[in-house]
Amino acid sequence: MSVFQFIKSKSFFIQIVIAVVGLLLFVFILKFWLGVTTNHDQKIQVPDLQKMSLEEVDRKLKEMNLDFKIIDSASYNPDYPKKSVIEQTPQAGDFVKEKRKIYLTLNPSKYRDVTIPDLNGRTKRQASSQLRAIGLNVGTNFTYVNDIGKDVVRGLRHNGKILNEGDKLPLNSIVDLVLGDGNGR
């Protein structure tokens, strides 16, 4: 029997029909199985978790059959409570399926600490620039001591306490300069 006769035969058409029916049956079963196992029609709207504590987040997400994971602590933001949610992914209002993880960024409990550099002998302008560059604020309450150099840094204070090189202060702390008055002999 030649190839052309086989293609024209009844058994070839029966095999083609069986293959097409089998393929369609496989596709429909696969589609049904995927719809059941992936919860295709399910939608849960992600709540707004900003400014919530971890206990509140845990309770709220468990009610909705969602999970969370803490991915990072951001820079301290005084507008948010300590250890509360600053950012979340997916965003509030997005739709997800059950048991989806919500990734959270938390507000640290305080500003990070900054190390005090050695500024002794620097001018007021140099010291102010360097303190601002590392994230500290320079106070306007200057203390002058008897010294030959006018406006030369002779010390640093924070809340009246003398600071030494290597001491640590929280970011955005106010540092007062102790300066020479230029009258020393």
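**View 1. Leu 30 is partly exposed, at a relative accessible area of 35%.** Here partly exposed lies between buried, under 20% relative accessible area, and exposed, over 50%, with a 1.4 Å probe and protein chains only. The model is predicted: local features need pLDDT of at least 70, side-chain atom pairs count only at pLDDT 80 or more, and totals for chains, interfaces and linings use all residues. Residues are numbered from 1 along each chain as its sequence is written, and side-chain values use heavy atoms, leaving out hydrogens and water. Leu 30 sits in helix α2, residues 10–37. Helices (H or I, at least four residues) and strands (E, at least two) are DSSP runs, numbered from the N terminus. Leu 30 also belongs to a nonpolar surface patch of about 600 Å². Patch residues have over 30% relative accessible area and no salt bridge; like charges are joined within 9 Å, nonpolar side chains (Val, Leu, Ile, Met, Phe, Trp, Tyr) within 5 Å. A salt bridge puts a side-chain nitrogen of Lys or Arg within 4 Å of a carboxyl oxygen of Asp or Glu.

**View 2. UniProt places a "transmembrane region" at residues 12–34, in an unreviewed entry.** Such annotations may be inferred rather than shown by experiment. Over residues 12–34 the chain is 100% helix and 0% strand. The end C-alpha atoms are 33 Å apart.

**View 3. Strand β5 (residues 101–106) pairs with β2 (residues 67–73) in the parallel sense, over six bridges.** Pairing requires at least two DSSP bridges between the strands. Phe 68 has Ile 102 of β5 as its bridge partner. Strand β3 (residues 85–89) pairs with β5 in the antiparallel sense, over four bridges. There, Thr 89 is bridged to Tyr 103 of β5.

**View 4. Lys 83 lies in the loop between β2 and β3.** Lys 83 counts as exposed, at 53% relative accessibility. Arg 157 is 74 residues from Lys 83 in sequence. In space the two are 30 Å apart, C-alpha to C-alpha.

**View 5. Helix α4 (residues 124–133) buries Ala 127, Ser 128 and Leu 131.** Seen down the axis of α4, its buried residues fall within an arc of 100°, so they line one face of the helix. The arc is taken from the directions from the helix axis to the C-beta atoms. Exposed Arg 125 and Ala 133 are on the face turned away from the buried side of α4.

Conventions
Areas by Shrake-Rupley, 256 points an atom, 1.4 Å probe, with all protein chains shown as cover.
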